[in-house]
Amino acid sequence: MKGPWALGLQIAVSAVLLLLLARQVHVSEIVEALSHLRPITVLGALALTLVSYLGRAQRWAGLLARSGVRLALAPAWALTLLGVGYGLVTPGKVGEFARVLHLGVPRAQALASVIWDRVTDVLLLEALAIPAFLLVPAWRGPVMWLFLAVVAATLVGVAVLESRGLQSALARLLPFAAGPIGRWQDASTGTFMSGAFRTGLAGGAFYYVLNFASALLLVRDLAPGAPLTLALGFPIIPLLGNLPIAFSGFGLREQVSATLFSHLGTAAAAGPAFSLAWFTVATLLPGLLGILLGATPWVRHAARAPGAAR
C-alpha cells in the first residue's frame, strides 16, 4: 500500500498547491496571459527544445558506453524523449528510468546510466542556479533555503552512489540489499570521475543553453517588460518544481515560478502562465513525441541492435 498512499499524497499536495495559487491569481488572468503567446513563438521554442535533447541523448549514450552498451545518437534521442513521456505520468518522473527496458540488455547493466544521467542533470541545475541567489537579493528567502536543502541532499546522494566504503557499510547494515549494492558497485563505481561523466556535463550544458533560449522566447511574449535577470531563475524552476512532493511537479512548479516572477515585479499571472507554457514545450510535447516514436519499428530495432559486451 505504500505506493498508492504515496501517489495519493502527491496528488493531494498538487491539488492544495493549485488551490492556493488560484486564490492568489485568477485562472482567467492566467488564460489571458497565455493568449499572448504567438504560434510562431511556440514553434520556435519547441524546435529549440527538440534540438536540445540531442545533448541529453549524447550524455546518456556516453554513460551507457561505460556499461558496454552501444547506442547510436538517433535512437538515444528517441528513447530519451520516450523516457520523458513515461515521466509525465509517474511521481517524481521516475518513469524516465523505464527507457532502459527498451534496450534489449539486462536491466542491471543499463540502470546505472539513467541514474547518473539524472544526477548529472540535478548537479548542472544546482550549479546554474547559484548566480540567481548571488545576484538577485529578492530570491534569498524560502526559495533559497529549499535550494540549499536540495544541494545538501544531492551531495549526500552522490557520496553514497560513488563511495565503495559507504556502500559496503550499507550492505552490512541492510544484508537483504547486499546483492543489489554489489551489482551497483560493478556497474557504477568510478562514474563520477570518468571521461563519460565530464563529456556528459558538456551535453547537459548544450541541453540547457537551448532549453533556456526557448524559455526566453516564451517570456518575451508572456511578460515583455520582464528584466533579463529573470533568466537567472530558469534553473530554479525545474530544480525545485520537480521535487517528488507533488505529482509530476504540478502546482509546485507553478508556485515556484509565481514566486520568482512576482519578486521581480512582473504581473502575478505571468509566472504560472510561463510555467505551464514551458512545461508544455519542454516536457509535454517532447514526451508525447517520444511515446509516438517508441512505438515505431525504427526505434525498437535500433535500440536492440547494439551489443552488451563487457
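1. Which side chain meets D221 in a salt bridge? The partner is R38, at 3.3 Å from N to O; a salt bridge here is a side-chain nitrogen of Lys or Arg within 4 Å of a carboxyl oxygen of Asp or Glu. D221 lies in helix α9 (residues 195-222) and R38 in the loop between α2 (27-34) and α3 (39-66), so the pair ties together parts 183 residues apart in sequence.

2. The model is predicted: local features need pLDDT of at least 70 and side-chain atom pairs pLDDT 80 or more, whereas totals for chains, interfaces and linings use all residues. Residues are numbered from 1 along each chain as its sequence is written, and side-chain values use heavy atoms, without hydrogens and water.

3. D221 counts as buried at 9% relative accessibility, while R38, at 39%, is partly exposed (buried is under 20% relative accessible area, exposed over 50%, partly exposed in between; 1.4 Å probe, protein chains only).

4. R99 and D117 form a further salt bridge (3.0 Å, N to O). R99 is in the loop between α4 (73-87) and α5 (107-135), and D117 is in helix α5, 18 residues apart. R99 is buried at 2% relative accessibility, and D117 is buried with a relative accessible area of 2%. Salt bridges with shared partners join R59, R99, D117 and D121 into one network.

5. The protein has 13 helices and zero strands (DSSP runs numbered from the N terminus: helices H or I, at least four residues; strands E, at least two). Buried residues make up 49% of the 310 residues.
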